[in-house]
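Subject: Structure for you to look at

Hello,

Here is the structure I said I would pass on. Please open it beside this message and follow along.

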Amino acid sequence: MKSTFLALLLFVTSAVYGQMTDPVQVSAQIDFADSEAVITFKASIEPGWHLYSTNLPAGGPTSAEVTVETIEGAELQGSLVPGKGEIEKDDPIFGMKVKYYENEATFTQKVKLLGGEYRIQGYLRYGACNDETCLPPTTYEFDIKGTADGGGASSAAEKNSDSAKNVATEKDVTVVVADDEAGLALSPLWRPVTDELNAFDNVGAGDATRSWWLTFLLGFGGGFLALLTPCVWPIIPMTVSFFLKRAGNRGKALREAMLYGVSIVVIYLGLGLAVTAIFGASALNALSTNALFNLLFFLLLLLFGASFLGGFELTLPSSWTNKVNNKAGSTTGLLSIFLMAFTLSLVSFSCTGPIIGFLLVEVSTEGSLFAPAIGMLGFALALALPFTLFALFPSMLKQVPRSGGWMNVVKVTLGFIELAFALKFLSVADLAYGWGILDREVFLALWIVLFALLGLYLLNVIRFPHDDDSERKTTVSRFFLAVASLAFSIYMLPGLWGAPCKAVSAFAPPMWTQDFNLADNEVHAQFNNYDEGMEYARLSGKPVLLDFTGYGCVNCRKMEAAVWTDERVAEMLRNDYVLITLFVDDKTPLQQPVTVVENGTERKLRTVGDKWSYLQRYKFGANAQPFYVPVDNDGSPLAGSYSYNEDIQAYINFLQNGLSNYKK
């Protein structure tokens, strides 16, 4: 069966979120009917986010609820009522059904007007999350005033009151304490360190540079593997010989071969740039958590893997190749050479297409604007290098291995690898939709089987349609690759019973999806109070890891279950740091509400959670959870912040960076 592919680039979208996040915009208005009125709260929700509904069970996410602090000339009738469009599903993290809204939400509160002047002042509290982070419980404060006549009609009601604000998510927050009974801003430990933290985070640009090098090497490795496939390797000596014969002299042949190599680079680099040009700077950031696109990536890699195993061939229309080839033969000069390179890209698509598709999927999910272009640059250089090299040294062609069945072995091996990585993307979609079909032990079982079958294939125990039956001997190189593949399968076996399997922890589903887990390596905070924990750290001479979290933060639980249970991470958190966990949705009332001013708008801190959320905004200029930052005994940051990312090694590097700076 043959399939026709026209493009590999149509799977990229999402948004970039800064440290201060404001994905929900709320407005309020009051409508009248006789002696009753209805206050309607309308929420506009950014794509990818969801806002939780009312009356969720205890221990779950933050429910939407209205608190009225001042009411004059009116009486509340019933409680807050959610509007249409609720989505209800089981949440495996909380072990309960949750209800939420996407895109938009409406809540209504009935009020009975008593006649004359009225005033209803209070706040709507709600919680919002996306696949990567959660907001602290956010308050929308409203103050609605007016005059009702005997029939309840209002002639002076302030609809969409200007005093109503989403005060918990103001951008570019500057905070002034207006009433400091709790002493929040008097301690040096509370001083803002946003500039210092940003300085550390900006140093991460060097990390980005290093990741670009890794992206380039990934692309170069992909190009090298493409060279060893049946679609490309046999073409190399034919193309070089053609240049040598056509040119008449070695100097011209070398120039044409170099132009041929440059043309290959231009073609594939243009492919990478097209991804960026089509989807823009904000489109490549959050693919790793976008359920729909991860599902599409899974299907794409599954298709590529089946093709490499010999199930069918992915080819472009033959008319494309014929037209470009005829055009190359009828033209001269640089255009002719460029069209020859373009013909190569079309003819070799059945082998290079799956590698390019896998590469673009991988580098696009890194979130870097330039990653696709850098990856394609590495791929093209690896693909173009031998054409120029063999034109420069023609005698080397006699020493290269001849085409044969070994090239199909390379294809099949790549097919197994593509199938294995396809499961990674299915896992993300499975977690996002809550299907529960790919728990950690199921994922590991599939990987164990895939790499065991790869080992058996390399030992010639199993065969595929395109394998050469005349080559039944196992070469030394295949033997060692088979040993490595089978050993990797055995290494993953203990993971079925809860072993961390650190080598695959970045790909496997988180530990909390494991149904049967014999491991017990949970980490618990030493303090849930910032000032008390900081004092203990000063006396013990240890750095502090601040963990801004929430009872209703799904991704906080994921980090604790998937990353904190790693033995290396757990040991560092227990022995090297003083861990202070601050719950921004803790509803314990403060002894007395504290009034603060953010960007000229007054708001009240009523609960312990409000206090810790205020600390996060005031001191660090951030408002999303999970949010981790290491600080010294004066409250100054020791490294950049860390948010939701289940890469265990990245988290270890983050902790080690803070420790090394503390020791300095």
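Below is what was found in it, from the whole chain down to single residues.

The whole chain

Please keep in mind that this is a predicted model. The chain has 664 residues, and 51% of them count as buried. Its secondary structure comes to 16 helices and 20 strands. Among contacts with a separation of 6 or more, 76% are between residues 24 or more positions apart. The chain exposes about 29100 Å², and carbon and sulfur atoms supply 58% of that area.

The average pLDDT of the chain is 77, and 75% of the residues score at least 70. Over residues 1–18 the pLDDT is below 50, although this stretch has 63 contacts in the model beyond near neighbours in sequence. Residues 280–286 also stay under 50. For that stretch the model has 25 contacts beyond four places in sequence. Where pLDDT is low, the predicted coordinates should not be read in detail.

A covered strand

Strand S16 covers residues 544–549, and six of its six residues are buried. In a regular strand the side chains alternate between the two faces of the sheet. On one side of S16 are Val544, Leu546 and Phe548, and on the other are Leu545, Asp547 and Thr549. Both faces are covered.

Which strands does S16 pair with? One is strand S17 (residues 578–583), in the parallel sense, over six bridges. There, Leu545 stands opposite Leu579. Another is strand S20 (residues 627–631), in the antiparallel sense, over five bridges. In S20, Val629 is the bridge partner of Leu546.

The peptide bond from Gln625 to Pro626 is cis, with omega near 0°.

Salt bridges

The count of salt bridges comes to seven. One of them joins the side chains of Asp143 and Arg119, at 2.8 Å from N to O. Asp143 is in strand S12 (residues 138–148) and Arg119 is in strand S10 (residues 116–126), 24 residues apart. Asp143 has a relative accessible area of 11%, so it counts as buried. Arg119 is partly exposed because its value is 29%.

Another salt bridge brings together the side chains of Glu141 and Arg606, at 3.9 Å from N to O. Glu141 lies in S12 and Arg606 in strand S19 (residues 601–607), so this pair ties together parts that are 465 residues apart in sequence. Glu141 and Arg606 are both buried.

Arg191 forms a salt bridge with Glu196, and their closest N and O atoms are 2.9 Å apart. Arg191 is partly exposed, with a relative accessibility of 33%, and Glu196 is partly exposed at 31%. Elsewhere, salt bridges that share partners join Glu69, Glu141 and Arg606 into one network.

Two residues with positive phi

Most residues other than glycine have a negative phi, and most peptide bonds are trans. Asn103 has a positive phi, near 70°. Asn103 lies in the loop between strand S8 (96–102) and strand S9 (104–113). Its relative accessible area is 49%, so Asn103 counts as partly exposed.

Asn460 also has a positive phi, near 65°. Asn460 is in the loop between helix H10 (440–458) and H11. Is Asn460 buried or exposed? Asn460 is buried because its relative accessibility is 8%, and the cut-off for buried is under 20%.

A surface patch and a buried serine

On the surface, Ile490, Leu493, Trp497, Phe516 and Leu518 form a nonpolar patch. Together they have about 540 Å² of accessible area. At 43% relative accessibility, Trp497 is partly exposed.

Ser427, by contrast, is buried, with a relative accessibility of 3%. Ser427 is in helix H9 (residues 406–433). Leaving aside residues up to four places away in sequence, Ser427 touches Leu438 and Pro509.

Regards

Technical notes: Residues numbered from 1 in each chain as written. Predicted model: local features only at pLDDT ≥ 70, side-chain atom pairs only at ≥ 80, totals over all residues. Heavy atoms only, no water. Patch = residues over 30% accessible without salt bridge, like charges linked within 9 Å, V, L, I, M, F, W, Y side chains within 5 Å. Areas by Shrake-Rupley, 256 points an atom, 1.4 Å probe, with all protein chains shown as cover. Salt bridge = Lys/Arg side-chain N within 4 Å of Asp/Glu carboxyl O. Buried < 20%, exposed > 50% of the residue type's maximum accessible area, 1.4 Å probe, protein only. Helix = DSSP H or I, 4+ residues; strand = E, 2+ residues; numbered from the N terminus. Contact = heavy atoms within 4.5 Å. pLDDT = per-residue confidence, 0-100. Pairing = 2+ DSSP bridges.
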